[in-house]
Amino acid sequence: MSEDYRKMWQDLGLDLDAHNALLNVLGQGYQQVFLSQQDRPEGMGYFDFVMSEVHGLRIKELLDEKAAGRKIIGSYCVFVPEEIVLAADATLVGLCSGADFATEDVEKLLPRNTCALIKSSFGFKIGKVCPYLESADMIVGENTCDGKKKAYESLDGLIDNLFIMDLPQVKSENGRVLLKAEYQRFKASLETLTGVTVTADALKSSICTVNAKRAALHRLSSLRKADPAPISGLDALLANQVFFYDNPARFTDSVNKICDELEQRIASKQGVFPEKTPRILVSGCPQAVPNWKLPMIVEAAGAVIVGEESCVGERGTRNLTDASGETVDEMIEAIVDRYFKVDCAIFTPNPERLDHIQQMVADYKADGVIYYGLQFCQPYLMESMPVEKALEEKNIPCLRIETDYSMEDVGQLTTRVEAFVEQLR
Ligand code: BJ8
């Protein structure tokens with residue numbers, strides 16, 4: 001560890017011992033899971049570098065931006081519109097929440113039966129181990145599931161500038177009105193924080209920037225339709241995870257470079273798994289960095305993941321925002337249109353999600369679906385019932401997995417996944 005980095009973390013108020021312990025676990029996990037894969041696309045070298053510098057160079061870049069007067073906004077949900085953040089001359093970072101930390105202390109503030117994602121966000125704050133969280137000038141919490149909603153009440157005492165965004169739960173006209181009002185309130189709050197008024201030009205440019213990074217991921221997704229699969233599910237998930245905190249233009253460029261390489265692989269029928277390897281779609285809760293447990297198990301079991309119906313995946317990135325508006329209001333309308341299509345399980349009813357899962361099965365030629373639910377996540381576990389029913393009616397095999405971030409159930413999950421993969425052969 002360089003002295004510069006140590007000083008940077010110290011200045012952010014991180015607990016250095018705890019932070020180092022986290023970085024060690026992260027580094028070892030990454031090495032074990034990613035670097036042991038065979039025949040990876042060369043372009044993944046960029047993401048290996050990003051991961052090795054996740055608490056280093058990227059944090060330094062953000063701190064340099066702050067020193068130049070730019071504000072950093074942290075978020076826990078894909079409903080927070082990056083377009084508006086960029087247009088207000090600020091930078092958005094997703095706060096990952098994909099690992100257990102300080103669990104004992106967290107359970108003094110939250111009930112034990114809270115999902116791992118929420119507990120993780122608290123653990124990173126209480127343990128003072130997340131440089132993104134500590135460098136943020138504003139954190140956005142959103143009223144989505146009950147767990148998050150109530151957890152933000154407790155987080156409010158731990159975080160200085162917490163902006164709570166109220167989100168609709170029904171896709172009605174009233175729901176849309178609420179979303180627009182909340183995005184306008186968010187815009188006003190950002191303008192106060194940054195001292196920058198969002199202009200039509202800035203908003204148009206930021207819409208194009210975010211569209212470009214989503215379009216790069218659409219291109220990557222589309223290449224995963226090929227058989228043999230040109231990229232592993234693990235590597236594709238990593239690209240979807242890095243989407244949340246990398247510099248947008250550099251991310252877009254790097255994903256497009258991988259896509260160029262994958263196109264050549266497809267042309268020469270070069271795959272990371274042999275042709276006719278069982279193909280799996282993962283559907284359900286978000287898998288945030290460094291939660292690589294499920295794809296690690298699935299791909300070690302001899303199947304390949306070809307898509308993620310998830311907020312760290314296609315649910316979060318599909319649909320571009322119409323950039324043709326000429327006024328700020330017209331473009332806010334377009335942003336509302338785009339985000340209102342996100343089919344999170346907090347919506348009731350939520351038939352679009354069922355349709356999307358079936359569409360993805362067809363598009364990616366998946367042989368089966370693994371429904372991924374975090375323990376105690378009511379919205380996604382409840383919604384697994386209609387999803388399983390709809391898939392069963394179409395004779396699409398589905399395996400429901402309910403788990404957390406611990407490694408205790410890896411053996412048991414491996415047995416179940418292996419049996420499922422066998423069934424697909
Ligand atoms: S738009 S999925 S990112 S809310 S796993 S905390 S739902 S109990 S994360 Fe999400 Fe936004 Fe929806 Fe996407 Fe609650 Fe479930 Fe925990 Fe969850």
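## Overall build

The chain folds into 19 helices and eight strands, where helices (H or I, at least four residues) and strands (E, at least two) are DSSP runs numbered from the N terminus. Its radius of gyration is 21 Å, close to the 22 Å that the globule rule gives for 425 residues, so the chain is as compact as a globular protein of that length. Here the radius is taken over C-alpha atoms, and the rule is 2.2 Å times the number of residues to the power 0.38. The C-alpha trace spans about 60 × 50 × 45 Å along its principal axes.

This is a predicted model, in which local features need pLDDT of at least 70 and side-chain atom pairs count only at pLDDT 80 or more, while totals for chains, interfaces and linings use all residues. Residues are numbered from 1 along each chain as its sequence is written, and side-chain values use heavy atoms, with hydrogens and water left out.

## Burial and contacts

Of the 425 residues, 58% are buried (under 20% relative accessible area, with exposed over 50% and partly exposed in between, using a 1.4 Å probe and protein chains only). Among contacts (heavy atoms within 4.5 Å) with a separation of 6 or more, 76% join residues 24 or more positions apart.

## Helices α11 and α16

Two packed helices are described by the angle between their axes and the distance between the axes. For α11 (residues 200-223) and α16 (residues 328-340), the axes come within 9 Å and cross at roughly 25°, which makes α11 roughly parallel to α16 (angles under 35 degrees count as such). Axes are lines fitted to C-alpha atoms, for helices over the stretch in contact, and angles run from 0 to 180 degrees between N-to-C directions.

From α11, the contact uses Ala-200, Leu-203, Lys-204, Ile-207 and Arg-214, and from α16 it uses Val-328, Met-331, Ile-332, Ile-335, Arg-338 and Tyr-339. These residues divide into eight nonpolar, no polar and three charged (Ala, Val, Leu, Ile, Met, Phe, Trp, Tyr, Cys and Pro count as nonpolar, Asp, Glu, Lys and Arg as charged, and the others, Gly among them, as polar).

## Two residues to look up

Ser-121 sits in helix α7 (residues 116-126) and is buried, with a relative accessible area of 9%. Beyond its neighbours within four places in sequence, Ser-121 contacts Tyr-76, Ser-97 and Leu-133.

Gln-358 belongs to helix α17 (residues 351-363) and counts as buried at 18% relative accessibility. Leaving out residues up to four places away in sequence, Gln-358 touches Ala-390, Leu-391 and Lys-394.

Technical notes
Parallel < 35°, antiparallel > 145°, perpendicular 65-115°, else oblique.
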